[in-house]
Amino acid sequence: MQQGISLRQPKTLVHDPTESPPDYVLLALVVGLSFFGLVMVFSSSFYLAISQGLGATYYVVRQAMWMLIGGAGLLIAQRTDYRFWRKMALPLFGLTVALLLLVLLLPDELSERGGAERWISFGGFQFQPTEIAKFSLIVYLAAWLMGRGDKLRSTTVGLLPFGLIVGVLIGIMALQKNVSSALILTMIAISVYFAAGASLIHLGAGLAGALGVGWLLVQALPHASRRIE
């Protein structure tokens, strides 16, 4: 008998990013730097812990606990399809801006440390929204730059909107007097922009502008000048 023609569509192989092996070199660097950080925390804190009547390993044990939590987050992130973050880019960025603005609205006793407003503190719980900002900026810029294509090297379509996006976060940091975080976010943004294939002229102009604004902030804020000195 002649076989009938099957109307079923053949299965197409769809690549699942979560099934790919990890980047072992990058993983080794992360683990190595994490343990090196523990050594540095112990060497710089054991005397302080003893002087406060605590055990010599008090601070390094706390840091190790956070490292374990971060390791669990790493494993979860490894099993998460990276395309999920493209959908979450805008909500995550909006949440970050809202948290950074909340820092400005809180009383100084709940937000200020070392001359800058950078904390959200409620009872025993406290965190810095700038830590979320580092991640959300990478995700949002990656999603945004992916849609630029060849227009990325355009001044009006690439550089100016990019500067506006980054400028929103840096402007809030300036209001918080948080110069160190502003510089870190600026370097993150320039690195992502470079990786996306931006014009070297645009990168140079952005870096020069960032250095100029950073210098002005340091001169205007006494606590920032003292840290550099």
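Modeller: Let's start with burial: a residue is buried when its relative accessible area is under 20%, exposed when over 50%, and partly exposed in between (1.4 Å probe, protein chains only). What you're looking at is a predicted model, where local features need pLDDT of at least 70 and side-chain atom pairs count only at pLDDT 80 or more, while totals for chains, interfaces and linings use all residues. Residues are numbered from 1 along each chain as its sequence is written, and side-chain values use heavy atoms, leaving out hydrogens and water.

Colleague: OK, let me try one. Is S199 buried or exposed?

Modeller: S199 counts as buried, because its relative accessibility is 11%. Across the protein chain, buried residues make up 30% of the 229 residues.

Colleague: And where is S199 found?

Modeller: For that you need helices and strands, which are DSSP runs numbered from the N terminus (helices are H or I with at least four residues, strands are E with at least two). S199 is in the loop between α7 (179-195) and α8 (200-220).

Colleague: What does the side chain of S199 reach?

Modeller: That's a polar contact: a pair of N or O atoms within 3.5 Å, where within protein one must be able to donate a hydrogen and the other to accept it, and residues adjacent in sequence count only if both atoms are side-chain atoms. Here the S199 side chain reaches the backbone nitrogen of I201, at 3.2 Å.

Colleague: Let's zoom out. How many helices and strands does the protein chain have?

Modeller: Nine helices and four strands. Walking from the N terminus, you go through α-α-α-α-β-β-β-β-α-α-α-α-α.

Colleague: Back to α7, then. How far apart are its end C-alpha atoms?

Modeller: First the idea: the expected span of a helix is 1.5 Å times one less than its number of residues. With 17 residues, α7 should span 24 Å, and its end C-alpha atoms are 24 Å apart, so the two agree. Its buried residues include V179, L185, I188 and Y193. Just after α7, G197 takes a positive phi of about 100°.

Colleague: Which residue has a positive phi although it is not a glycine?

Modeller: K177, with a phi of about 60°. You'll find K177 in the loop between α6 and α7, and it is partly exposed because its relative accessible area is 38%.

Colleague: What is Q176 in contact with, leaving aside its neighbours within four places in sequence?

Modeller: Contact means heavy atoms within 4.5 Å. Q176, in helix α6 (residues 155-176), is in contact with L100, V103, L104, A116 and E117 once those neighbours are set aside. Q176 is buried, at 0% relative accessible area. Now look at L175, also found in helix α6: L175 is exposed, at 56%. Setting aside neighbours within four places, L175 is in contact with L104 and E117. L175 and A116 are 59 residues apart in sequence, yet 9.1 Å apart in space, C-alpha to C-alpha.

Colleague: How many salt bridges does the structure hold?

Modeller: A salt bridge is a side-chain nitrogen of Lys or Arg within 4 Å of a carboxyl oxygen of Asp or Glu. There are two. One joins D81 and R83, whose closest N and O atoms are 2.9 Å apart; D81 is partly exposed at 23%, and R83 is partly exposed at 40%. In the other, K134 pairs with E131 at 3.2 Å. K134 and E131 are separated by about one helical turn, because they sit three residues apart in helix α5 (residues 129-146).

Colleague: Last one: which element gives the most to the nonpolar patch?

Modeller: Patches are made of residues with over 30% relative accessible area and no salt bridge, with like charges joined within 9 Å and nonpolar side chains (Val, Leu, Ile, Met, Phe, Trp, Tyr) within 5 Å. Areas come from the Shrake-Rupley method with a 1.4 Å probe, and for residues only the protein chains shown count as cover. This nonpolar patch covers about 940 Å², with Y24, L27, F35 and L74 among its members. The helix that gives the most is α1, with eight residues, while α1 (24-51) and α2 (58-78) each supply at least two. L27, in helix α1, is partly exposed at 31%. As for the protein chain, it exposes about 15,400 Å², and carbon and sulfur atoms supply 69% of that.
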